[in-house]
Amino acid sequence: MNKTIFTVLFLFALIANSQDQYNKGMEKALQLWSNGQTLEASNLFERIAMAEDDNWIPYFYVAVVNTTASFGEKDAVKLTQQLERAKEFSDIAKRLSPNNPELLIQEAMINTAWIAFDGATYGITLSPKNAKLYDQALKIAPENPRVVLSKAEWDMGTARYFGKDTTPYCNDVERALELFTNFKSEIPFYPVWGKERAEEVLKECKG
Amino acid sequence: MTGLNGYLLLQFKRMVMKQLFLILLVSVTWASSAQTTIDGRVIDKKNGPVAGANVYLEGTYDGGSTNASGEFSFETMETGTQTLVVSMLGYEPHYEMGDVNFFSDLSISLVEAINSLTGVTLSAGTFEAGDNSKVSVLKPLDIVTTAGAVGDFVAALQTLPGTSTINEDGRLFVRGGAAGETQVFIDGLRVFQPFNATANNIPTRGRFSPFLFKGITFSTGGYSAEYGQALSSVLLLNSTDVPDQEKTDLNIMSVGTGIGHTEIWGDQSLTFNTQYINLTPYEALIPSTQGIRWNSPFESISGEMVFRSKGEKSMFKLYTNFNHSNLDIDQEDINFEDFVRFQLTNNNLYFNASYKHFFENEWTLTTGSSISWDSNDITVFDTDIDAHETAAHFKLKFRKTFTNRFNINFGAELFDIDYQETVNAPDESQFESGFDDRLFAGFVESDVFFSNDLAIKVGARLENTTVLDDFTFSPRISLAYKSSEKGQFSLAYGNFYQNPLNEILRFETNLISERTEHYILNYQYLNNGKTFRAEAYYKDYDNLVKFDTELPEFSSQFNNAGFGYATGLDVFWRDNKSIGNLDYWVSYSFLDTERDFRNFRERATPNFAPSHSFSLVTKYWVDKLKSQVGFSYQYGSGRPFDNPNTAGFFAEKTPAFHNLSFNWAYLIDQQKILYFSVNNVLGFNNVNDFQYANTPNMEGIFERRAIRPAADSFFFVGFFWTISTDKKSNQLNNL
């Protein structure tokens, strides 16, 4: 009886300890990232990912950090390295958590970074892939604010290019903003980005 | 008793557990207090610092990144034997096992990883059209948005160096080779009749719609041992693995109409395209008059279907193509007062099934077969010719990747060709000819990357053909050396064998394989949207088939006494960065070739080998008009022809060839495109060749007529509409 209690207590302490280590590690990595130490952040997320090899979250962050760093990157070699690393980790994350809408829109983001770098080369092949990824994500999670926002922004870009009305997409952004207030996930360090972006886009809509 | 005993036992247990807990607690505290510092420096092969490397203990969070001098330092609470990992993009990961106490003041030297993107590539002789591949000089879209190509990817390839534009033929003539010296493969399997059947001097087109393919590799020489039976060149088409989305494509063109659809169910997908082409309305509006009269212009109905099934570790594809075409034409001939009538009906059915499986331990198996049935029903004057060809290709290939520096490819294949032709003359006499061939081949090839700067491909191919009872052995080697960050040199050498063409084998099988030897030196320079390539080559032809009649026939005497050479320089320049929205490429080919083959009385430059060829292709995106506007200009110097009125043999040349083409693709909206193109806008009067009379006239002179295109210019208008669920895709990549 007591033995059981001890064991349970001990195990709990151990888990709490490792959970604590995970939390600390992730917090530190996020802090490095917000300090602009992209490489250090990416390396720490990678170390956590390698140690926690059944958790998609740190893999996701390696992909996000490298994708975000690629927007505006002019050096083709560096950009390719970052985006290939992003894709590698995003693929592992997708294997750990299939049909995850956050990962689908992350993959689309990698494609968008390629298109932003060289639209003439990558636009024609990657645009349909993105359209498919956003459709898939929306089918799985129609109430996920980041999915609604990403798809709306993507559609808005296309509509703007062809000189079409962007109002319906602005409405989607507004809806995304509402969804942000109620969106909650039990998973620690679940992606939270997007609210500020939605506000920015909405401002452009009204402006 | 039991009670006491039980009590004591419980007490004892409590004590033990308490102590155990204490020990555990102490050990944890002790461990946390004993930190070890791990430090050192990461360098590359040349002793330079590697900055930004991730250095850590495997399975833990403990680690750090190297600074600008390659130094790292971090603390850990781990003890005992651990694995230290150093990971850095562009380098092979480094593992070091040992006690943490010894992980101090380390000096770790990283080995560069073989990088397919920035490293050396084995690219001598090849042009690739793909997405990310470094050797891609063309994007898939380029194949189809080239002015003058009108959706025919073969016509687009004719703007690359190493090809000669033989206007009246339409097929690929590579580096002094005849059209029959190029073979086409889909997913590694042979296409036996890649071009539509047509009449003499009426150019043909490729049978396949380019948008079913994700990659096209065009090799103008020195290609892999995996491919054989081509003296000059191979064109490799790879079909799409997984289509992006479900959609329906409709098109209405000045020459016909088509519909296509893609359906996806999870990992399976099906795409079909059907097309009906009829030149009657076009010919009624703008008749072709130069040396021809259409009785019934070219008409064809064709269908293509691809089924794909993707497994976790496998890929299955089934490609089918059916084509029925007919035409009825009267053509001018110097030997006859009246035009000569030519009627043709062609049926072609082609299947291509391939299966690929990825095993553990980096083994890949690829297998498949292609089968084609082709029949031509031809009537010239009152003579009927019925030709049937049934051909099949079976292939089994293995690939083992040992490391990313070393892999090996080997396989076996079988070609089975059965060709029969029946000629029914007006006097009711009948001639039959034909042959059966089984060709067995085995190949082995290995890629070795010594570093990111030096790589070699070595291979060999062994063939046995039953129709000739001939064994051939073809060694192939290709070497690449990266001389600077942006430039590389390549060398290639190979032996290539090919059976004589069907038109010869059906009369005579007591021959041996025709043979070429290729020597290639290539320099390539890539710099941010700019590509420069120069390739010098020498080709030695041997055992070419000769015969003693005008055309191969029943009574001809055949031998393998023919020979020849081709040498030249191909230059390519492409730039899509320097001028905003403008993308252009320039090709120039110099060709010096002579051969003694067929019924040549001596060595001479054949009619299909102009000395100089030049192409300029431009594409300009006009954002305001949502349009892509393109111009292409092609030039070919005069082509040799034989004038029987002079002593020389193939000593005269036609006037030079010029063609300026224009196209305009306008995006009406996301899903509708209007496309317009004109070939030979300026209406140059090109002369391809001259036909001389078989017998001299009264004054003892052989009369001649110029062989000219049926019409100088060609117009094309098309409307393309895509219906897809996301309302965004269009057929721009189909044009």
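1. In this predicted model, the C-alpha centres of domain 1 of chain A and domain 2 of chain A lie 23 Å apart. Domain 1 covers 1-122 and domain 2 covers 142-207; such bounds come from an automatic or database domain assignment.

2. Eight residues from domain 1 of chain A and eight residues from domain 2 of chain A make up the contact. Two residues are in contact if their C-beta atoms, placed from the backbone, lie within 7 Å.

3. On the side of domain 1 of chain A that touches domain 2 of chain A, the elements giving two or more residues are α1 (2-34), α3 (56-70) and α5 (101-117) of chain A. The largest share, four residues, comes from α5(A). Helices (H or I, at least four residues) and strands (E, at least two) are DSSP runs, numbered from the N terminus.

4. By class, this side of domain 1 has six nonpolar, one polar and one charged residues. Ala, Val, Leu, Ile, Met, Phe, Trp, Tyr, Cys and Pro count as nonpolar, Asp, Glu, Lys and Arg as charged, and the others, Gly among them, as polar.

5. In chain B, strand β16 (residues 247-253) runs antiparallel to β17 (residues 256-265), joined by seven bridges; strands pair if DSSP finds at least two bridges between them. A hairpin through two residues connects β16(B) to β17(B).

6. β16(B) also pairs with β41 (residues 714-724) of chain B, antiparallel, over seven bridges. B:D249 stands opposite B:G260 in β17(B) and opposite B:T722 in β41(B).

7. Residues are numbered from 1 along each chain as its sequence is written, and chains are lettered from A and ligands numbered from 1 in the order in which they are written. Local features need pLDDT of at least 70 and side-chain atom pairs count only at pLDDT 80 or more, while totals for chains, interfaces and linings use all residues.
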